[in-house]
Amino acid sequence: QVRLVESGGGLVQAGGSLRLSCATSGIAIRFATMGWYRRAPGKERELVATVSSIGNTNYSNFAAGRFTISADSVKNTVYLQMNSLRPEDTAVYYCHAQPELYSSVKGEHWGQGTQVTVSS
């Protein structure tokens, strides 16, 4: 059974930083594209960043230059370092796993989310 457990969210002032973690089990993240998504109040869920099984990263425009996604395949954990946070970054942040086609794990998987609140 695949589990993704996010942590590290909280309340921070504008300009501050947070580091989110996504601890995984039941999946080897080196065989998956891992991502962070977020959903702000009243808005659709949107992509924040992804890191592929070969280490390629991709960022949404709002995240580029401020956020950094990384993956530790030994700890099977994915991180999102968020700097220069803005009130508009307030959202629930979700970890996502999309196994590669050759993986024995099938289907996409989501974590339960962690709340990030940025005060002005």
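Which residue forms a salt bridge with Asp89, and how far apart are the closest N and O atoms? The partner is Arg66, with the closest N and O atoms 2.8 Å apart; a salt bridge is taken here as a side-chain nitrogen of Lys or Arg within 4 Å of a carboxyl oxygen of Asp or Glu. Asp89 lies in the loop between E8 and E9 and Arg66 in the loop between strand E6 (57-59) and E7, so this pair ties together parts that are 23 residues apart in sequence. Strands (E, at least two residues) are DSSP runs, numbered from the N terminus.

Before going further, a word on the model: it is predicted, and local features need pLDDT of at least 70, side-chain atom pairs count only at pLDDT 80 or more, and totals for chains, interfaces and linings use all residues. Residues are numbered from 1 along each chain as its sequence is written, and side-chain values use heavy atoms, with hydrogens and water left out.

The structure holds three salt bridges. Asp89 also meets Arg38 through their side chains, at 2.9 Å from N to O. That pair links distant parts of the chain, with Asp89 in the loop between E8 and E9 and Arg38 in strand E4 (residues 32-39), 51 residues apart. Arg38 in turn meets Glu46 in a salt bridge of 2.8 Å, N to O. Through shared partners, Arg38, Glu46, Arg66 and Asp89 are joined into one network. Arg38, at 5%, is buried, as is Arg66, with a relative accessible area of 8%. Glu46, by contrast, is partly exposed at 31%.

In general, strands of a sheet pair through backbone hydrogen bonds, either parallel or antiparallel. Leu18 stands opposite Met82 of E8.

Leaving aside neighbours within four places in sequence, Met82 is in contact with Gly16, Ser17, Leu18, Leu20, Arg66, Phe67, Tyr93 and Val116, contact meaning heavy atoms within 4.5 Å. Arg66, one of these contacts of Met82, is also the salt-bridge partner of Asp89.

Strand E9 also holds His96, which is buried with a relative accessible area of 6%. The side chains of His96 and Glu108 are joined by a polar contact of 2.6 Å; this term denotes a pair of N or O atoms within 3.5 Å, where within protein one must be able to donate a hydrogen and the other to accept it, and residues adjacent in sequence count only if both atoms are side-chain atoms. Beyond its neighbours within four places in sequence, His96 is in contact with Leu4, Thr33, Met34, Gly35, Tyr37, Glu108, His109 and Trp110.

Most residues other than glycine have a negative phi. Asn76, however, has a positive phi near 55°. This residue, Asn76, is found in the loop between E7 and E8 and counts as buried at 15% relative accessibility. Ser84 has a positive phi as well, near 50°. Ser84 belongs to the loop between E8 and strand E9 (91-99) and, at 42% relative accessibility, counts as partly exposed.

Technical notes: Two strands pair if DSSP finds at least two bridges between them. Helices (H or I, at least four residues) and strands (E, at least two) are DSSP runs, numbered from the N terminus. Buried means under 20% relative accessible area, exposed over 50%, partly exposed in between (1.4 Å probe, protein chains only).
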